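Trainee: I would like to learn how to read the features of a structure one at a time, with the general idea before the particular case. Could we go through it together?

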Amino acid sequence: MVYDWIVIGGGISGITTAEILTREGHSVLLLEKNNSLASETSKVFHEWLHTGSLFTLVPDNYLTTRYLLGAIDDLLKYYNQFDRMNLRGTELGLKVSEDGWFNNNNIHFHYRNRRINPIWTTHISRSIKMVNFIKRHDWLRRTAGMNIEISKREILKEFSSIISDSGKFVKVESADLTINSRVLISDILNQAKSNGLEIILNTKVQTLLKEGKKVKVKTSETEYLCKNVVVCTPDLVSKLFKKKIKISYAPIAVVEGIPDETESFVELDFHTKNCINLLTKEGGFGQAGGISIAKKDLVDPYIQYVIKEHKKRNPSLKVIDQYVGLKKEMVSDYQERNYLYHITEQENNIWSLVLGKFTLAFSSAPEFYRRVYKKNPSTCFDEQKDLEQDYRISETSWQEIVTKGA
């Protein structure tokens, strides 16, 4: 069989790309090298829906924030029909309804108040204004990426408020939420399967060869023929197309003993080493983390520091186990990080797609379709449910740890 598309990589970027293509009636084969889907970076991440709020402190002229706001726009537009897509845009911000893809669990930002540092105080003044703008945005009238600049007058007013605040931290609730990623991934895969998606696991791609207008995908076991191919795994993008992929490490401790009233939070400071975060889960469990670090040999001492800091805030906290989240980003020689998505036509009929954030998959998939076919994908489709599942989706690392402990 000659497929219209072969999608290589069964993480969130490959899954959403495959679904958007099958939604438009294309025959698609998804190849995954592991024995389960979403088993690498889509397995070890925080399950954090980013609305762009966290990146209002990044000195990139709000580029990352705009990308993430665009992802929320596309999430509401192209994924709104799924039964369990329970995030709704209202005139007063984003609202979570019944159980589904997202939790009614907002992430609170705690900025360390350094009154004697005017540069840091100016940064957090601007950030707080932006976080509140995103949280209260009227999603019914216009896209959130428009007109996000904050006036100097507003920043100065917030600056004065921070200076007069005697607390150790300045706190604000963001629009960011936690994700039930396995529910989300199951629904998107199920829809793609109902549209004819084929999935083959334990298949490692070795090379891509052009045969006229077609592409031959060679694996360790066999060969597949297609009209087009898109590589959605950073490791293979690096190998095949000689692109620079930066790997960073996010140590995470799975903890228990968290009181029910505890809010998910991230502490932010001028000194990035002091930044820690906690995402709460049901049953008193949570993920305790901090920043991403560049060198793997620094993981162990850093996670011990993070655990120590979290126990200062909650002495009853108990660490069950720990794991390392992986972040793989396409960067240039002068970049430390690049949180954006990158869609590239490497040559005729051969594409690559690399994500910087899980949240961006909701935008990268429809944008990929736009770039290839020069039109928008459909927002409506015939939804089918409860197909026999002949593929395996990995649990998240924190779920595996909690299950093992139980």
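Trainee: In which helix do Tyr302 and Tyr305 lie, and how many residues apart are they?

Mentor: Before answering, note that this is a predicted model, in which local features need pLDDT of at least 70 and side-chain atom pairs count only at pLDDT 80 or more, while totals for chains, interfaces and linings use all residues. Residues are numbered from 1 along each chain as its sequence is written, and side-chain values use heavy atoms, with hydrogens and water left out. Helices (H or I, at least four residues) and strands (E, at least two) are DSSP runs, numbered from the N terminus. In this model Tyr302 and Tyr305 both belong to helix H8, which covers residues 299–313, and they are three residues apart, about one turn of the helix.

Trainee: How is a pair of aromatic rings described, and how many aromatic pairs does the structure hold?

Mentor: A pair of aromatic rings is described by the distance of the centres and the angle of the planes. Rings of Phe, Tyr and Trp (its six-membered ring) pair if their centres lie within 6.5 Å, and planes under 30 degrees apart count as stacked, over 60 as edge-to-face and the rest as tilted. There are 14 aromatic pairs in the structure. In one of them, the ring centres of Phe109 and Tyr111 are 6.3 Å apart and the planes stand at 70 degrees, so this pair is edge-to-face. For Tyr302 and Tyr305 the centres are 6.1 Å apart with the planes at 35 degrees, so that pair is tilted. One aromatic cluster is formed by Tyr79, Phe82, Trp101, Phe102, Phe362 and Phe381.

Trainee: Are Tyr302 and Tyr305 buried or exposed?

Mentor: Buried means under 20% relative accessible area, exposed over 50%, and partly exposed in between (1.4 Å probe, protein chains only). Tyr302 and Tyr305 are both buried, and Phe109 and Tyr111 are buried as well.

Trainee: Which charged end sits over the ring of Tyr305?

Mentor: A charge sits over a ring if NZ of Lys or CZ of Arg is within 6 Å of the ring centre and within 35 degrees of the ring normal. Over the ring of Tyr305 sits the charged end of Lys273, 4.8 Å from the ring centre. The ring of Tyr79, a member of the aromatic cluster, has the charged end of Arg23 over it, 5.5 Å from its centre.

Trainee: How many disulfides come out of the count?

Mentor: A disulfide is a covalent bond between the sulfur atoms of two cysteines. The rule here asks for a pair of cysteine sulfur atoms within 2.5 Å, and by this rule the count is zero. The sulfur of Cys232 has its closest cysteine sulfur in Cys226, at 12 Å, which is too far for a bond. Cys232 is buried, with a relative accessible area of 6%, and Cys275 is also buried, at 10%.

Trainee: At what angle do helix H1 and helix H6 cross?

Mentor: Axes are lines fitted to C-alpha atoms, for helices over the stretch in contact, and angles run from 0 to 180 degrees between N-to-C directions. Helix H1 (residues 12–23) and helix H6 (residues 181–194) cross at roughly 35 degrees, and their axes come within 8 Å. The contact (heavy atoms within 4.5 Å) involves residues of H1 including Ile12, Ile15 and Glu19, and residues of H6 including Leu184, Ile188 and Ala192.

Trainee: What is Ala192 in contact with, leaving aside its neighbours within four places in sequence?

Mentor: With those neighbours left aside, Ala192 is in contact with Glu19, Thr22 and Leu197. Ala192 counts as buried, at 1% relative accessibility. Ser181, which is also placed in helix H6, counts as buried at 0% relative accessibility. Beyond its neighbours within four places in sequence, Ser181 has contacts with Phe45, Glu47, Phe358 and Thr396.

Trainee: Where does Asn349 lie, and what is its phi?

Mentor: Asn349 is in the loop between strand E17 (342–347) and strand E18 (350–354). The phi of Asn349 is near 75 degrees, a positive value in a residue other than glycine, and Asn349 counts as buried at 13% relative accessibility. Lys374 likewise has a positive phi, near 60 degrees, but Lys374 is exposed, with a relative accessible area of 69%.
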